[in-house]
Amino acid sequence: MVMEGGGSGNNSTPIIDKTRVLDVEPLRTLVPVFPSSSKAPPFGPYSSGFAPFYPFSAPQGSQATPDLNQQTHTTPAAPLRSFRATESNGDAFDGEYESYDGSTGSAKRRPKSSSQKRARKIQDLDFTLSVDENNFVVGVSLSERDDGNREVVHSIQMRFDALRRRLSQLEDAKESPAGIIRRADLKAGNILMTKQVRTNTRKRIGTVPGVEIGDIFFFRMEMCLLGLHAPSMAGIDYMSVRNDLEEEPLAVSIVSSGYYDDDAEDKDVLIYSGQGGAANKDKGATDQKLERGNLALERSLRRGNEVRVIRGMKDSVNQASKVYVYDGLFRIQESWVEKAKSGCNIFKYKLVRIPGQPDAFGVWKSIEKWREGLSSRAGLILPDLTSGAESVPVALVNDVDEEKGPAYFTYVSTVKYSKSFKLTQPAYGCNCRNACQPGNLNCSCIRKNEGNFPYTANGVLVCRAPMIHECGPTCPCFPNCKNRASQTGLKARLEVFKTKDRGWGLRSWDSFRAGTFICEYAGEVIEKVSQVGEGEGDGYVFDTSHVYESFKWNYEPGLVEEDGSIEAIEEPNVPSPLVISSKNVGNVARFMNHSCYPNVFWQPIMYENNNESFIHIAFFAMRHIPPMTELTFDYGKSCSGEAAADGGSTSRGRRKCLCGAPICRGYFG
DNA sequence: GAGCTTTCAATCCT
DNA sequence: CAGGATTGAAAGCT
């Protein structure tokens, strides 16, 4: 292990970590330089106006720049009333909407004129929230509805969660304790189901296109929408299949989530209980019958068809909720009848995982072991590279080669502003006691966020915004106020690991649901890129003045608010360019690699400290991220011609991108 | 095809 | 905080 101090001259900062490093050539490059946009790197087939997630044509580049000072005075959101999602008339959308043509990148989100002529239809009048037929765009073509692909699956999953978060936000803001939107997951699911924003509707045995082994879900409705497992509650999904002259039911997927007494200890074997009977405890336990799902499983045993297995378990971060992992294809090996404790008969099915599939549940099992003790962790170099600077350890591992660690740096958990750096923002906090309450428009911090509390009750970011305003150290509310989500330090067990071909990277033992705060970008705020010292141009700088690929993350416009025709801007906007160097001083964020199809995005967050407002760059999960998945964000590209002229450095500039995404732009930085 | 039934949800409440 | 009560949505069935 290489522990050697020094090297860096800045002894003024306490040296927390001394992982001295060897020959690490950091992969990221920063700074500069496309002389002109015309020389921008070649774009993939999707790039013209295609946001990787779903076909919204979001404004690109020069976003209307709202004046942040004025923004704090904007009127709060309209008062909220009630909501109901059900859509009575199912007048078909088939044919009414042009399908999205991914190959040209043209996003056609407008209905054809025939439907435009139709009077704007608002569902129930006692709601503020409703479906606006003219502004809602399905965005899923007829063929994509039958058979999905990765993009469509991600798009639908993200749209579902964006809507669910928004509905939760509205629910949180209600004064009445028993809200109208009780189940935001079901409401969001119901809206998208009704609108045919779903895929893989045709039931099938085996793989579901676009859904990959290891994908995770936090609600059963997500799996309904994606066609992975159709029933909203039942554990066994089956379909009728013609066999010779008759039809028989065959199981296509099962969810094992602990409600019954399954045996799910082995990652390759699952003992699954049949449905019915013993479940009905109130009616007195009865024998399970060989019907419905049980019959289908029995027939699938005979037929030997593949059955998808989804394993549900407690979320390690949020013990109250559940996470579902798609564990791939299994085959039913045998079945039997067992006497349950209640004395009645239940069916048991032994499912065996088909070999050769990537680990999914197995990864979770391994992580469980690592939590108990790191001795089982292969390639471990350091148990905690922060040396206690964070409340959770960050492991350093390398199981691909002999390199012993990244180049030396000092670990800090937050961004450091130099004294000379001043923002002209007026600084004032709220006057809330205890914790700021969603819906309380007397809270000035909430008013700064357009009246919306930025986070849901379980701490997930609801929407992106040009700027998020959190409560700061001088706000009188308690430190556990939910409007400080980005200030609580690391919560997940992260690890820095050696990638195969992109230097060091960052990943997590814990899964993230979309919108979860992961970490901020810590480092030293520098005034100009030119201040980056010699040798620092090779990486480790975050620069808000880069041009970032635009993408849509927030909930559907035209779907929730009645006046949803106005699509709120969600692209980040900072009053003046912010450049943070993590070369010498930084946190885990400095290890996050670039991807053209990232799973993490950055969001500027402002809060006050000592009568000054400071901006922090916070990273949030773009979509659900399974454990041990590399975390990546879009580095954007430098567009400054001056930077190119400056020094004429040839060593700087764009870097060849190795992200491997289908929509890879080829270069970044 | 409306209505009923079943169902390894999810959340609230105690 | 575990567990019971409550409210639920989809799809198969009748």
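**Entry 1: the surface at DNA strand C**

I began with the composition of the surface near DNA strand C, which by class has 4 nonpolar, 2 polar and 3 charged residues; I counted a residue as near if one of its heavy atoms lies within 4 Å of the strand. For the classes I took Ala, Val, Leu, Ile, Met, Phe, Trp, Tyr, Cys and Pro as nonpolar, Asp, Glu, Lys and Arg as charged, and the others, Gly among them, as polar. I note that this is a predicted model, in which local features need pLDDT of at least 70 and side-chain atom pairs count only at pLDDT 80 or more, while totals for chains, interfaces and linings use all residues. Residues are numbered from 1 along each chain as its sequence is written, chains are lettered from A and ligands numbered from 1 in the order in which they are written, and side-chain values use heavy atoms, with hydrogens and water left out.

The residues that I listed around DNA strand C are R182, L186, N190, M193, R198, K203, S232, M233 and Y238. Helix α5 (residues 184-194) gives the most to this surface, with 3 residues; helices (H or I, at least four residues) and strands (E, at least two) are DSSP runs, numbered from the N terminus.

I then asked which part of the DNA faces the protein, and found that 75% of the atoms of DNA strand C within 4 Å of the protein belong to sugar or phosphate, the rest to bases. A phosphate oxygen of DNA strand C is 3.2 Å from an N or O atom in the side chain of R198, and one is 3.3 Å from such an atom of K203. On the base side, I found a polar side-chain atom of S232 at 2.9 Å from a base nitrogen of DNA strand C.

**Entry 2: the sheet of β15, β17 and β16**

I looked up an open sheet of 3 strands, whose order is β15-β17-β16 and whose pairing is antiparallel; two strands pair if DSSP finds at least two bridges between them. Because β15 (524-526) and β16 (541-543) stand at the edges with a single partner strand each, one side of each is left without a neighbour in the sheet. The twist averages 25° from one strand to the next, where axes are lines fitted to C-alpha atoms and angles run from 0 to 180 degrees between N-to-C directions. Between β15 and β17 (residues 579-581) I recorded 3 bridges, and I526 stands opposite V579 in β17.

**Entry 3: strand β5**

Strand β5 (residues 306-314) has 7 of its 9 residues buried, so it is largely enclosed by the rest of the structure; buried means under 20% relative accessible area, exposed over 50%, partly exposed in between (1.4 Å probe, protein chains only). Strand β3 (residues 246-256) pairs with β5 in the parallel sense over 4 bridges, and V255 has I310 in β5 as its bridge partner. With β6 (residues 322-339) the pairing of β5 is antiparallel, over 8 bridges, and here E306 stands opposite R331.

**Entry 4: cysteines and S595**

I searched the whole structure for disulfides, that is, pairs of cysteine sulfur atoms within 2.5 Å, and found 0. The sulfur of C596 is 3.8 Å from the closest cysteine sulfur, in C657, too far for a bond, and C596 is buried at a relative accessible area of 3%. For C657 the closest cysteine sulfur is in C659, at 3.5 Å, again too far for a bond; C657 is buried at 7%.

S595 is found in the loop between β19 (593-594) and β20 (600-609) and is buried, with a relative accessible area of 6%. I noted that its side chain reaches the backbone nitrogen of Y597 at 3.0 Å.

Methods:
Polar contact = N/O pair within 3.5 Å; in protein donor to acceptor, adjacent residues only side chain to side chain.
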